[in-house]
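Grab your viewer and let's work through a few exercises on aromatic rings. Each one has a task, then a solution in steps.

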Amino acid sequence: MPAEPPIDTPRHLFEAYELLAAGPIRPIAGGTDVMVQITGELGPIPERMLDLSRIDALRGIALEADGLVLGAATTYTEIRRSALCREHLPALVEAAATIGAAQIQNRGTLGGNIANASPAGDTLPILLAADATILVGGQRGERQLAAAEFFTGYRQTALAPDELILQVRFPLRPGRELRFRKVGTRRAQAISKVVLAIAWRDLGAPGWADVRVALGSVAPTPIRAAVTEAVLEGARPTPAVADLAAETLADELAPIDDVRSTAEYRRTVAARVLHRLLRDAGGW
Amino acid sequence: MPTRTLTPPTETVERALIVDPGQRVPGRARAYPLRREGPAKLTGAAKYTDDLVFPGAWYGATIRSTEAHARLLAIEPDPDADWSKVVIVTAADIPGHNVVASIKDDQPILVPVGGEIQHHAEPVALLAAPDRETLRQLKGRIRLVTEQLPAVFDPEVSAHVFAQYEIKDGDLEAGFGEAELVLEGSYRVGHQEQLYIENQAIIAVPAEGGGIEIHGSMQCPYYVHNALKRALQMDNVQARVIQEETGGGFGGKEEYPSMVALHASLLALKCRRPVRMIYDRHEDISATTKRHPAVIRHRTGVKRDGTIVAQDIQIVMDGGAYCTLTPVVLSRGALHAGGPYRCPNVRIRARATRTNTPPNGAFRGFGAPQVEFAVETHLNRIAEALELSPAEIRRCNAYDEGDRTPTGQVLRDSVAAHEALEQAVAASHFERFRAMTAAEAKARRGSGTIPEEPYRTGASRTARGIGLALGWHGAGFTGAGEVHLASVASVELTADGRIRVLTAQTEMGQGTKTIFPQLIARELGVPVDWVEYPSQDTAEVPNSGPTVASRTAMVVGGLCIKAARRLKAEVEGRNGGLPFHEVFRDDAASHGATRIDERFEPFPGEPFDEERYRGDAYPAFGWAAAVATVQVDLDTGEVSVQDVIAVDEVGTVIHPILCEGQVEGGTLQAVGYATIEEMKVEDGRYVNDRLATYLIPTALDAPHIRSILVEAPYPHVPHGAKGVGELPMDVGAPAVVAAIHDATGTWITELPATPERILAALAASSPEAAA
């Protein structure tokens, strides 16, 4: 294993901001991605590292007026155990439960999953489907970014080098339903082949409103399937709608073959997972 | 079909559990001795190779090729780097033969300049440094100058043949002439990684007088010993090999540790210090041996009642870049290819060829899991074509005592194919479950809930299925192997009154250290804790052969028992016939040490003719059956293996808990082989050469496994044991694939049966695709 880079462990955000501004420095929270990159020699070793684990401002789960707010350093285990998450965002709890194994869930954080920006990040489609916003900050101030604008390219984000992810805010909208499904190679410790989240609001109107269909592992970034969303917007989950939505999704996606699966499998399975979720929602 | 009386399952299980009552004292599990090294492993006190401290030791690394096939023109250390604090070893530093001693002398320890690189992870140079950081930095600064050569990746195309065999019996043409149905099928299996928990690890320590002492993780200290003697021109004493606590082997530490030990030794001799050569997982997966991929073609003639009348089988195995143990793996594959079924007219043609991929080698089952997947799947397809139950077609064909195998071997004793089959069928309620899954499948079809469009789902998301496989596994070495080995094992009463069992049989988790003292204690009538099992150090123990081929309990266990009996007789004879346990301490005090060396004597039977492939290929066979139940997600093709009934006939059970452990572990390894373990190869390189990408089942993926041990003792060893390690590996995969077929109606003929392959097969067999 390579030599350990020097590590700074600030207790306050302003200290972290100063260190970031002085850069280059690599933030590390749970380390479940960074450590794999270092020990696997998958790229250059960071010159310095910024340990975020002692900054209390990055922790905590709170219910605020307009939504559920999770500190960036919230671990998957904390999400799984949180009564607030279980009540208001059970799909996120479900996603957290599929990540890695218990040890990874104890260390890995929501903010880390976002910053790592893997197309296979299991929580990311939930963020997209739930219209989450990501609060980032640095010495230059704080700003809110929509999750949908955050992932700009393969492992690229809108985060500036001198910024940290501070919080994730999930708006809680009346009547919203959110479903999640991950397809991996095995039941634990598996990176997904396809991950899909769907959200809609059923306000008693003739059709669904605010439909979101978000996917992971089918594109260079986590994505929303806008054409499929349009098919479902204002519609109800009837067999005909489900068939059309699934076919639309299959057309809309352009996944690739890689070490985990094939493009054909991903396309078919993404469509069928959507079809199944619509079938379940429609109760037919 | 003749009627047969069957032992009810419960009775056999009971019988299995009372083979050896052991001793009922506190600290014993179910009245059997605790695993000897268990407490140290459980508490973390056990020292594996990487835990050992050798002051002043340097760290070693291997510089490997990155090309599949090339000529090595030069090895160029970067002139701008500081090489003064490290040592570099190339082929020019090898004092003796530049070969890793094995069956053929074709694999170099390091590719010499001017020589050919045969695979992408081939060792070319070695580097040792006082610290890991220097090693890491300099490792990247040695450039290999090469000239690329055309590479071969397809074993069916390769013209370089490592081994080929033909087994013929009866009249094939007449057999097919008599057949009422002829079915052909082609089956493929890929690489499988052993994935022992502890990576390859060797520490080489220079010794007085120009010798070398090896401490490491390995199955076969004498293989390493032999390799050192050849390459380093050392004698039996100068080369000394000590096995340390070993975290799993599964065949992966049969031949490869010789390579690691040679590398560590060359560095240690050059830098005159201990050198630690500890692989990380990435290097271990990318460079070390795997299970041989194979393509197996069957053409089988049967009567309408299911009787097999002709079998024409062709096997092509991918040996990888060097021969290693390939001829023996292929031989076992050829000898097991027909399955445990009588057939008067047989032709089995087998060949193994070279490809420019890392060499393949030993892995639990050793050629048998590949061919038994093929023959069992093929037989299940025949049963389907004849509308026979998979159990019925096996009843009709499975070997009985007195039947002849394709090599002309008459199965004289310890034949339990039917017993294994019936136990599995009964314990799983096979026919009832099958009727239920058939009704469920009919209901799914009847309600039109099978998706006809590729992007739709059916009303039922999942389908259940059940599958059966029967298998056999030749006990001990193939053919004349044991005769060539001429193993020696010893039991010693030391001058200070200690009882020691001396063998080269290693503990790698399977229980050697526990069962040998148990067997000897029983012979001598002393408590098991009084019997010592010294470590596997070539300076201490005789060469009782390698710890492979499930031979430890049967062959070496038998030698130890015979030695113990002779020791007992000698000591009792000197002491007026008083029982050994009363007199051995006094005898040692007055008479001094007594050591009995027992040498292997050939088993009775028709000697195996290696030229013609006729005669007794094995002294006996173990028999196994597996019934798997699965749930398949019809949307995604994901398979959940829910239950496996694993019936294994092992001769006699020595330690039921360890034996069941072997059955459960082997079954899970077979489930992984069947479902998810897939080595993806691109241009001769393993693409998924990390634990993040080469996946094996986790605890959550493991089925509930019920092991049923059956005993048909082999009469020509004193304890009747035939070995257990490999048996369960042979039958798990075809049982799972049969269950997937039962659930989905589609046959997967290539392992692993991944969701991708299952969905592709379903799409190809859908009514739409057919139309």
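For ring pairs, the rings of Phe, Tyr and Trp (its six-membered ring) count as a pair if their centres lie within 6.5 Å. Keep in mind that this is a predicted model.

**Exercise 1.** Which residues do ring pairs link into a cluster?

*Solution.* Start with the total: 17 aromatic pairs turn up over all chains. Ring pairs join Y399(B), W472(B), Y618(B), F621(B) and W623(B) into a cluster.

**Exercise 2.** Classify the pair F516(B) and Y533(B), and say whether each ring is buried or exposed.

*Solution.*
1. Planes over 60 degrees apart count as edge-to-face.
2. The ring centres of F516(B) and Y533(B) are 5.6 Å apart with planes at 85°, so this pair is edge-to-face.
3. Now place the partners: F516(B) belongs to helix 14 (residues 512-524) of chain B, while Y533(B) sits in the loop between strand 19 (531-532) and helix 15 (551-574) of chain B. They're 17 residues apart, and the pair links distant parts of the chain.
4. Buried means under 20% relative accessible area.
5. F516(B) has a relative accessible area of 1%, so F516(B) is buried.
6. Y533(B) comes in at 10% relative accessibility, so Y533(B) counts as buried too.

**Exercise 3.** Which charged residues lie over the faces of Y196(B) and F363(B)?

*Solution.*
1. Over the face of Y196(B) you'll find K253(B), 4.4 Å from the ring centre.
2. For F363(B), the residue over the face is R291(B), at 4.1 Å from the ring centre.

Key: Residues are numbered from 1 along each chain as its sequence is written. Chains are lettered from A and ligands numbered from 1 in the order in which they are written. This is a predicted model: local features need pLDDT of at least 70, side-chain atom pairs count only at pLDDT 80 or more; totals for chains, interfaces and linings use all residues. Side-chain values use heavy atoms; hydrogens and water are left out. Rings of Phe, Tyr and Trp (its six-membered ring) pair if their centres lie within 6.5 Å; planes under 30 degrees apart count as stacked, over 60 as edge-to-face and the rest as tilted. Helices (H or I, at least four residues) and strands (E, at least two) are DSSP runs, numbered from the N terminus. Buried means under 20% relative accessible area, exposed over 50%, partly exposed in between (1.4 Å probe, protein chains only). A charge sits over a ring if NZ of Lys or CZ of Arg is within 6 Å of the ring centre and within 35 degrees of the ring normal.
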